Amino acid sequence: MSNSRITSLASRLVDPNHPDKESHNGRDSEDEFDDDDAIFAELEAEIENGDVGMREQALNTVRREMEKMKEMKENQYGSYTEVQDEKEVIRITARERRCVVHFYHTNFKRCEIMDKHLAKLAPKYFNTRFFRVFVENVPWLVEKLAIKVLPCVICFMDGVTKDRLVGFEELGNSDAFGTATLELRLGVCGVIQKDTKTIADPVYKVSTRNGRNDDDEGDVFDLE
């Protein structure tokens, strides 16, 4: 039995961003599950001749991690999706550990630009839920969250609003900003983390920045 081989196989199973899985982007989730099953079978064979107690403990741990990852995939983790029902948006942001939510409108070009970058980040940060909502579908939330400028990206952690990114002012105030710029900005509040298993969640105070929206050069969404 090779401990290094077991470690490698286990890593491939529980880490959706493992290098061996990079080629799976865009593939059907059932294909990915089949690949996971094949890796698990190889892992099971690798530790078959080990100590019974250690073998059972290792297999049970990997099984739990696999089930957790499958459940997260079924809940749209690892992809950038749209939620149309207002109550569902509230339920998701209240239940999930970390959420990045883009409030958008189809008439605004900058919302399309934001979509493009968030779609690239979603697979990279599997432990954060990324999705967008059409502002006309969520009028109560738009009023409750005082959303007046689009695009508006709000970060939720444990059901609490931790930060918001309004327009492109903090992204260089240019339509040509890079995905890495957005990535760094979202990382400020801890809503995206490269390794949530080893890096403690930072705690930050986020100001309301009163008056900033009036000066933002992005598209204005009139609530009146």
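I began with the polar contact, which is a pair of N or O atoms within 3.5 Å; within protein, one must be able to donate a hydrogen and the other to accept it, and residues adjacent in sequence count only if both atoms are side-chain atoms. At the start of α4, I found a side-chain oxygen of D85 within 3.2 Å of the backbone nitrogen of K87.

The model is predicted, so I kept in mind that local features need pLDDT of at least 70 and side-chain atom pairs pLDDT 80 or more, while totals for chains, interfaces and linings use all residues. Residues are numbered from 1 along each chain as its sequence is written, and side-chain values use heavy atoms, with hydrogens and water left out.

Next I checked burial in helix α4 (residues 86-95), where E86, V89, I92 and T93 are buried (under 20% relative accessible area, with exposed meaning over 50%, by a 1.4 Å probe on protein chains only). These residues cover an arc of only 125° around the axis, which puts them on the same side of α4. The face turned away from that side carries the exposed K87 and A94.

I then turned to α5 (residues 109-124) and α7 (residues 179-186), whose axes come within 10 Å and cross at roughly 65°. The two helices are therefore roughly perpendicular, a word that covers angles of 65 to 115 degrees.

Last, I listed the buried residues of α7, which are T179, L182, E183, R185 and L186. Seen down the axis, they fall within an arc of 165°, so they line one face of α7.

Notes
Helix = DSSP H or I, 4+ residues; strand = E, 2+ residues; numbered from the N terminus. Arc of directions from axis to C-beta. Axes fitted to C-alpha atoms, helices over the stretch in contact; angles between N-to-C directions. Parallel < 35°, antiparallel > 145°, perpendicular 65-115°, else oblique.
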